[in-house]
Amino acid sequence: GDIPWSRSHNSGRDADLAFYVTRRGKPVEAPDLLRIGPDLTARGNYALDVPRNWTLVKALLSSKTTQVQWLFVATWIREALLAHAEKIGEDAELIRRAGQVLWQPTDSTPHADHLHLRVYCSKQDRLEGCLNGAPVWDWVDTYPQALSARLAALERGLDDPDVEVRAKVVDFLKRLDAKEAAGMLATKAAFDEDVGVRLAALALLKRWRLAEPEVVSGLYRARLAHEDLPTVEAVWAAVGSAGDDAPISLLEEGLRSDRKLGGVPEARLAALATAHVMDKRMVPALIERLDHPDPKVRGPVADALRRITNHSWKVRWDRAMNTKKRAQYKERWRDWWTRNRDRGRAALVLRGFNRAGVKVADLDSWRTADTLVRATRRDDHVGYNAHRTLAAMLHRWHATYADNPARRYSRWNKWWRKNRERMRKKLR
């Protein structure tokens, strides 16, 4: 009841809270949002009331009904609050939690004139589809038992004779973003007699990017059970979405396939699914398919091969090519792999950058990041690997624009310009 809600801006699970302040040493009501400087004062003879603001933080973190994800605030205010908590002997666990949630954001203003509160979904809201963004702290209750009970009830709906009910169940699982339901989708909904339900379930599995044994097994059986192109195409998209965790044996089997669906070779679908699977174990199987007679298969096969190895012979595999040339170029790849297969993927990526004119000495320094940000605009395997290397180095992965050179460069360039100096101190 002591939170100044009358002076806060509420929007869903966020609220902007005005600071408690003093004026000439006396606690007063702030006339508006006041910018608190590093000396903890503001214009007009105001100063941050550290004890009262800490009391607010403590009350929020001790609430029995509300779970706090973030309290965005300028670093100097955060440090003052935590120092005060330690000085008065607050519980160590409370201080640890406060240290997690009190944070200056890196992609907006420092928040020196207010506390920005963000809370997690309540139990009822979560069961109706409210989603928590990352991170979820180790002390947060995500209501797993209640969610499991809800999923058990929904699973019965996948056996309902009414197709509309089954479709609504899949849609509700999408709203819940309940990855725990992946097994039931892979083993039930992926085999639904209605193609719309099947495609919706497979699209959800693709979105979740999972490679759990039950999911992989279900996708393997679904691939063999269906003969229509949309369904099998969706199966392979779900397989490939797992990225580096994707099932290698299933991808290899798909590459070897001579089956066609609606005139489309299944080997092409498997090759497209390998586009983000940067696993060296895929290289031999990809090389073997370079002699496929259909350029629509060879194209994605060669693209995946170039991405994994960060190497290219600059051959247009997606164009017509006679049998003799295909055999020659395939043999060149075999020889190259014989010489390089013992190198780790990081070594291959580093070597590939330098051979392509992107001069970097390592894959983890701020100078490398400087160079790779510019390289992300390249529309080739080098640009793709620059994006992936930056994502691993800076712990920022955005799969939605991994294949779009213009978008990935725009995003990386904007973020790097804003955070370059901070990351320069963090990286070696």
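The side chains of His116 and Asp14 are joined by a polar contact of 2.7 Å, where a polar contact is a pair of N or O atoms within 3.5 Å; within protein, one must be able to donate a hydrogen and the other to accept it, and residues adjacent in sequence count only if both atoms are side-chain atoms. The side chain of His116 also makes a polar contact of 2.8 Å with that of Asp16.

This is a predicted model, in which local features need pLDDT of at least 70 and side-chain atom pairs count only at pLDDT 80 or more, while totals for chains, interfaces and linings use all residues. Residues are numbered from 1 along each chain as its sequence is written, and side-chain values use heavy atoms, with hydrogens and water left out.

His116 is located in strand S9, residues 115–119; strands (E, at least two residues) and helices (H or I, at least four) are DSSP runs numbered from the N terminus. Is His116 buried or exposed? His116 counts as buried because its relative accessibility is 15%; buried means under 20% relative accessible area, exposed over 50%, and partly exposed in between, with a 1.4 Å probe and protein chains only. Leaving aside neighbours within four places in sequence, the contacts of His116 (heavy atoms within 4.5 Å) include Trp70, Phe72 and His111.

I turn now to Arg289. This residue, Arg289, lies in the loop between helix H13 (283–288) and helix H14 (295–309). Arg289 likewise counts as buried, at 15% relative accessibility. Among the residues that Arg289 touches, not counting those up to four places away in sequence, are Asp258, Arg298 and Val301.

Next come the aromatic rings. Rings of Phe, Tyr and Trp (its six-membered ring) pair if their centres lie within 6.5 Å; planes under 30 degrees apart count as stacked, over 60 as edge-to-face and the rest as tilted. By this rule there are eight aromatic pairs. In one of them, the centres of Trp333 and Trp336 are 5.5 Å apart and the planes stand at 75 degrees, so the pair is edge-to-face. Both residues, Trp333 and Trp336, are in helix H15 (residues 323–340), three residues apart, about one turn of the helix. Trp333 and Trp336 are both buried. Ring pairs link Trp313, Trp333, Trp336 and Trp337 into a cluster.

Finally, the charged end of Arg332 sits over the ring of Trp313, 4.7 Å from its centre; the rule asks for NZ of Lys or CZ of Arg within 6 Å of the ring centre and within 35 degrees of the ring normal.
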